[in-house]
Amino acid sequence: MKVSKFGGTSVASAIQIKKVAAIVKADPSRKFIVVSAPGKRYDTDKKVTDLLIELAIAAIHKEEVEEKLFKVLDRYKEIAQGLELDDTICNVIEEDLRSRINKDQSILELFVDNIKASGEDNNAKLISAYFTSIGLDSQYVNPRTAGLLVNDLPERAQALPQAYDNLYALKHLSGVVVFPGFFGFTPNGTLRTFDRGGSDITGSILAAAVKADLYENFTDVDSVFCANPKVVNHPAEIEEITYREMRELSYAGFSVFHDEALMPVFKSGIPVCIKNTNNPSAPGTKIVAKRKNNKRPVTGISADNGFSILYVSKYLMNREIGFGRKLLQILEEEHISYEHTPSGLDDISVIVRSHQLDPEKEARIMSRVLNELKADDVHFRHHFSMIVIVGEGMNNSTGLAARAASAIANTGANIEMINQGSSEVSLSFGVQESSENKILRALYNEFFSAVTVG
Ligand SMILES: Nc1ncnc2c1ncn2[C@@H]1O[C@H](COP(=O)(O)OP(=O)(O)O)[C@@H](O)[C@H]1O
Ligand SMILES: N[C@@H](CC(=O)OP(=O)(O)O)C(=O)O
């Protein structure tokens with residue numbers, strides 16, 4: 001039995017949803033269908049989730065919401081018409097959305113999460129109605145009724161252990177189950193969404209809970225590529241990749257699969273297959289515990305921007321017991337998580353995602369580091385990208401860091417930071433954001449050109 005998740009691009013229009021139905025019909029073992037909100041139909045289009053965020057913000061600011069509401073409703077109407085569904089489903093969706101907008105706004109994150117989640121919730125209702133209309137025995141299942149329990153982190157919820165036992169019971173439902181991705185409920189009934197792109201997480205939780213044989217993740221590309229196809233021309237396809245490699249690459253910028261979606265299936269040993277809704281006969285990419293083919297040291301190279309560096313120097317830092325702990329504690333108290341901490345004898349840098357910072361926070365942190373840690377120098381630098389080279393074979397390969405550094409140097413770009421992950425499956429380079437794409441292309445040429453990918 002399979003859990004099949006269809007991403008935003010796969011459910012963005014009536015034409016796409018017809019392809020989904022054909023895929024589901026073609027294989028009776030596809031019992032659990034997890035769906036996203038309608039995504040982009042073309043490059044400059046807006047995802048319904050983004051339209052819903054705009055709607056929620058307008059409501060919070062007491063602005064006129066009707067126009068924004070109709071932008072969302074029109075997407076569903078166009079889909080319903082293309083699928084030849086009558087008005088009933090659109091009326092259900094409009095009523096649902098209006099009731100969410102009229103909810104209490106005293107806790108803003110709760111209000112926004114509730115509106116955001118309607119994207120997948122209403123799409124699941126619509127897709128189930130369509131399946132039924134074409135004679136496919138199907139039912140929409142609500143995550144609350146099903147017991148998808150999560151902790152109380154707004155926009156970043158995580159499943160609670162109890163969720164897996166609750167969802168196991170869905171195995172006994174008849175027909176195809178259509179399940180909305182992206183959100184769950186706390187034990188006291190509060191709706192919480194996962195991180196953006198989090199329908200992948202729902203699919204993984206469900207696959208682990210019902211002990212699926214395979215978790216299929218349908219998207220708009222034939223496979224996971226060795227590098228972002230929007231930056232590198234025709235990158236090589238990856239046939240098989242380990243959970244560990246995929247998590248490193250997803251976290252560092254491969255937007256095709258959410259990094260947090262790997263843990264539930266990894267723990268249960270359920271293989272994942274990334275497939276293309278527009279070309280379902282293509283074999284796709286398998287994510288597995290152990291790869292057969294290890295002939296190349298590097299499996300993929302990813303890049304992501306939006307990083308800042310906190311630089312701290314103090315003479316004799318190496319002799320001071322607890323300096324690193326105190327520094328990280330200051331960040332902890334500002335609710336900032338960190339990515340890397342490369343250090344020298346008298347200095348340390350902390351790499352953080354820039355979206356966690358603002359000018360006041362930065363000023364507070366710098367002042368505390370100067371006053372409490374008596375640092376000689378402290379400052380923030382912004383607009384950095386992290387380029388990460390990943391491969392299970394890297395720990396047995398000599399000279400790889402030198403090859404990477406020289407490929408980067410040949411682009412004329414400066415390396416601001418190098419970090420070898422402790423697991424030795426990854427090597428990260430901090431570079432200026434403006435050099436990101438040319439470095440990614442140079443590294444791709446260094447490690448992949450003229451090599452057969454297995
Ligand atoms: N290394 C990669 N391999 C494949 N796709 C990638 C990679 N890096 C970025 N992408 C992008 O991820 C996109 C698919 O992810 P996403 O837009 O989240 O799809 P969905 O709508 O199915 O959730 C692809 O269209 C592709 O442009
Ligand atoms: N719709 C949500 C969740 C999601 O997973 O979407 P997608 O499958 O389009 O990445 C978002 O845009 O974040």
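Visitor: Where does Gly7 lie?

Guide: Gly7 lies in the loop between E1 and helix H1 (14-26), where helices (H or I, at least four residues) and strands (E, at least two) are DSSP runs numbered from the N terminus. This is a predicted model, in which local features need pLDDT of at least 70 and side-chain atom pairs count only at pLDDT 80 or more, while totals for chains, interfaces and linings use all residues. Residues are numbered from 1 along each chain as its sequence is written, and chains are lettered from A and ligands numbered from 1 in the order in which they are written.

Visitor: Why is Gly7 called buried?

Guide: A residue is buried if 20 or more other C-beta atoms, placed from the backbone, lie within 10 Å of its own, exposed if 12 or fewer do, and partly exposed in between. Gly7 has 25 such atoms within that distance, and therefore is buried.

Visitor: What makes a residue a contact of Gly7, and which residues are they?

Guide: Two residues are in contact if their C-beta atoms, placed from the backbone, lie within 7 Å. Setting aside residues up to four places away in sequence, Gly7 touches Ser36, Gly39, Ser199, Phe218 and Thr219.

Visitor: Why does Phe6 count as buried, and what does it touch?

Guide: Phe6, which belongs to strand E1 (residues 2-6), has 30 C-beta neighbours inside 10 Å and therefore counts as buried. Apart from neighbours within four places in sequence, Phe6 is in contact with Val11, Val20, Ile33, Val35, Ser36, Phe218 and Thr277.

Visitor: Which residues does the UniProt annotation "binding site" cover together with Gly7, and how do you know that they cluster in space?

Guide: In an unreviewed UniProt entry, the annotation covers Lys5, Phe6, Gly7, Gly8, Thr219 and Asp220; UniProt positions are given in the numbering used here, feature names are shortened, and annotations may be inferred rather than shown by experiment. Although these residues are spread over 216 residues of sequence, the largest C-alpha distance among them is 12.2 Å, and they cluster in space.

Visitor: What makes two strands a pair, and how many bridges join E7 to E11?

Guide: Two strands pair if DSSP finds at least two bridges between them. Strand E7 (residues 214-219) and strand E11 (residues 272-276) run parallel and are joined by 5 bridges, with Thr219 standing opposite Asn276 in E11. Both strands belong to an open sheet of 8 strands with mixed pairing, in the order E3-E4-E2-E1-E7-E11-E12-E10.

Visitor: Why are E3 and E10 called edge strands?

Guide: Strand E3 (138-140) and strand E10 (240-242) each pair on one side only, and they are the edge strands of that sheet.

Visitor: How do you know that E17 is largely enclosed?

Guide: In strand E17 (residues 426-432), 6 of the 7 residues are buried, so the strand is largely enclosed by the rest of the structure. E17 pairs in the antiparallel sense with strand E15 (residues 377-390) over 7 bridges, and likewise with strand E16 (residues 417-420) over 4 bridges. Phe429 of E17 has Ile387 as a bridge partner, and Ile418 also stands opposite Phe429.

Visitor: What makes a set of residues a nonpolar core, and why is the largest one said to lie between the two domains?

Guide: A nonpolar core is a set of buried Ala, Val, Leu, Ile, Met, Phe, Trp, Tyr and Cys residues joined through C-beta atoms within 7 Å. The largest has 121 residues, and those with the most contacts inside it are Ile33, Val178, Leu206, Ile301, Ile387 and Leu443. Its largest share, 8 residues, comes from helix H5 (residues 108-133). Domain 1 (2-220) and domain 2 (300-448) both give residues to this core, so it lies between them; the domain bounds come from an automatic or database domain assignment.
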